[in-house]
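Please keep the sequence and the coordinates at hand while reading.

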Amino acid sequence: MSTRAPLSAIALVSPVQAMIGAIIFLPALYVFWLSLNQSSFGQQASFVGLANYAKVLADPYFWKALLNTVIVVAVVVHVELLIGLAMALFFASGVPFRPLLLAIVLAPYAVSEVSAVVMWRFLFEPDVGMMSRLLASIGLPPIEWAVNPNHGLAMVSLLSIWLHLPFSFIILYAARLSIPSDLYEAAAIDGASAWTSFRRVTLPLLMPALLIAALFRYIFAFRLFSEVWLMTGGGPARSTEVLAVYLYLEAFRYNAFGPAAATGWLLVLASLLLALFYLRRLYREMFARA
Amino acid sequence: MPKLLRHLLKLVGVLAVVAWSLVPIGLIAMSSFKSDRDIFSTTGAFSFAPTLVNYQALWSRWGDFFFGLWNSFLVTVGATILAVGVSLLAGFAYSRFASRGLQASAFFLIFIRLIPPIVITLPLFPVVNWLGLNDTHFILILLYATFFVSLGTVVMRTFIDQIPRELDEAAMMDGASQMQIIARVILPMAAQGMLAVSVFVIVYAWNEFLFAFIFTTTKAKTAPLVISEMIGAVEGVEWGVLFAASTVQLVPVLAFVILMQKHLVAGLTAGAVKG
């Protein structure tokens with residue numbers, strides 16, 4: 001294998017590299033510089049060191065947003081993987097009208113966050129929503145997502161799970177289908193129960209796919225913005241903000257670019273930390289081949 | 001387990017899956033054909049006289065929405081062509097050539113996916129304003145395409161890896177240039193991969209909210225943004241019109257996803273396993 005690429009190869013990858021370099025990488029570096037400065041629109045920046053970070057870390061709203069984000073991400077990703085896994089196993093066990101059912105399961109993938117908010121708000125609209133009436137009919141209190149912050153975050157989680165389940169499901173279903181059926185036959189011959197063959201065959205072989213799906217979903221769930229913004233707007237009284245909403249408000253409502261940039265870099269660092277393990281493995285794989 | 005019980009459990013499972021996925025979608029699609037009184041009637045969801053009043057109201061009072069749909073369409077087409085085009089070129093290079101530099105750049109490609117979109121809006125907002133690109137289709141096309149070229153390249157490489165190299169070599173012997181090989185040999189055989197990438201970009205660009213919210217105001221405003229304004233504008237909620245708008249926005253992309261189901265699954269697995 002050559003150690004230098006021909007010029008034509010460099011030319012072929014350059015549009016992609018230029019796009020992500022100019023639109024994602026350089027701006028991200030610039031955010032780091034911004035985070036060390038005090039600035040606002042049309043104002044000269046002045047260097048303040050880590051003051052913005054100190055300010056953000058001293059802001060109770062930041063911690064509230066961080067806590068909300070961690071809770072929502074943990075709930076969404078784990079519940080989603082659990083339902084996705086159950087559905088993948090259910091599909092693999094044979095279902096009637098499989099192509100049709102698969103299309104139905106994928107349907108939420110096509111739905112925009114905006115429309116999903118319309119749907120779930122309507123379902124849980126106090127007094128008139130279908131789910132509200134269902135809850136009332138079995139004697140449960142209504143979900144007051146506009147008033148009660150916990151309910152608001154629960155709605156956001158439900159909505160996120162619904163929107164992204166097709167992704168987790170497909171990854172796990174594809175992985176389950178690639179497990180050779182002889183393994184299950186062998187397990188059956190050895191007298192393994194359904195539970196044992198799940199524990200000893202399915203779960204270990206699905207582990208890589210589960211980890212990949214979890215990683216992708218952690219990283220993407222961490223960016224959560226639209227669902228919260230459109231469902232609660234971060235309210236009431238800033239109680240349901242997540243980090244992306246906090247960042248947006250700091251930057252575009254309070255014109256505090258420095259603290260917003262510091263929040264941005266904390267977000268980037270958290271994403272990197274989440275993905276560290278995966279990146280290290282990928283890095284080794286790639287450079288082992290070169 | 002007795003057979004009957006197993007069938008029964010399976011039936012319950014199927015019903016649960018269908019209800020979970022379709023009730024929210026079906027409910028707003030159906031309610032968009034109801035009068036305000038029927039939307040909140042408690043006498044059963046299916047007993048109502050279908051009406052087009054909501055669609056008429058949408059047409060006469062929310063002209064903005066149809067303008068938004070047109071903008072969404074333009075932005076989606078632009079972003080898809082751009083993202084698929086550059087991903088094809090890069091995917092070919094990563095599939096056929098290898099070097100330390102290329103490998104490092106492939107790593108960079110994946111690494112970059114970790115940066116949350118909201119972070120880069122901070123520095124981009126003033127720059128975009130300064131360049132006069134605020135509220136243009138161009139800026140949305142560029143942003144949407146850029147956020148999918150990483151995945152696009154990985155998916156294209158996976159698909160191009162499956163095209164035998166002998167075909168390129170034969171074409172090269174016949175004197176074809178690199179671009180001719182891509183256009184005549186790779187392009188027709190990588191169509192599957194290109195479809196897979198386009199499904200991702202189309203769904204994303206058609207539905208995206210954050211960038212549209214930050215970078216557009218009037219001229220390039222997309223349909224999801226108009227719907228969000230309707231949610232905000234209607235505190236005494238005009239549900240019927242909102243349902244009509246959501247339905248109109250959803251139907252084309254839903255039909256597309258169902259039609260392209262196979263490619264979506266292939267792309268998701270190729271992108272996640274390798275990327």
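## Basis of the model

The model is predicted: local features need pLDDT of at least 70, side-chain atom pairs count only at pLDDT 80 or more, and totals for chains, interfaces and linings use all residues. Residues are numbered from 1 along each chain as its sequence is written, while chains are lettered from A and ligands numbered from 1 in the order in which they are written.

## Chain A

Chain A contains 12 helices and 2 strands, where helices (H or I, at least four residues) and strands (E, at least two) are DSSP runs numbered from the N terminus. Their order along the sequence is α-β-β-α-α-α-α-α-α-α-α-α-α-α. The C-alpha trace of chain A spans about 75 × 70 × 30 Å along its principal axes.

Of the 290 residues in chain A, 42% are buried. A residue is buried if 20 or more other C-beta atoms lie within 10 Å of its own, exposed if 12 or fewer, and partly exposed in between, with C-beta atoms placed from the backbone. Two residues are in contact if their C-beta atoms, placed in that way, lie within 7 Å. Among contacts in chain A between residues at least 6 apart in sequence, 69% join residues at least 24 apart.

## Contact between chains A and B

Chain A contributes 82 residues to the contact and chain B contributes 74 residues. On the side of chain A that touches chain B, helix 1 (residues 7-35) gives the most, with 17 residues.

The axes of helix 5 (residues 113-123) of chain A and helix 1 (residues 3-31) of chain B come within 9 Å and cross at roughly 90°. Helix 5 of chain A is therefore roughly perpendicular to helix 1 of chain B, a term covering angles of 65 to 115 degrees. Here Val118(A), Met119(A), Trp120(A), Phe122(A) and Leu123(A) meet Pro24(B), Ile25(B), Leu27(B) and Ile28(B).

## Loop residues of chain A

The loop between helix 10 (226-231) and helix 11 (243-253) of chain A holds Pro236(A), and the peptide bond from Gly235(A) to Pro236(A) is cis, with omega near 0°. Arg238(A) is found in the loop between helix 10 and helix 11 as well. Although not a glycine, Arg238(A) has a positive phi of about 60°. Arg238(A) is partly exposed, with 16 other C-beta atoms within 10 Å.

Phe97(A) lies in the loop between helix 3 (60-92) and helix 4 (98-106). Phe97(A) is not a glycine, yet has a positive phi of about 50°. With 11 other C-beta atoms within 10 Å, Phe97(A) is exposed.

Definitions and conventions. Axes are lines fitted to C-alpha atoms, for helices over the stretch in contact, and angles run from 0 to 180 degrees between N-to-C directions. Angles under 35 degrees count as roughly parallel, over 145 as roughly antiparallel, 65 to 115 as roughly perpendicular and the rest as oblique.
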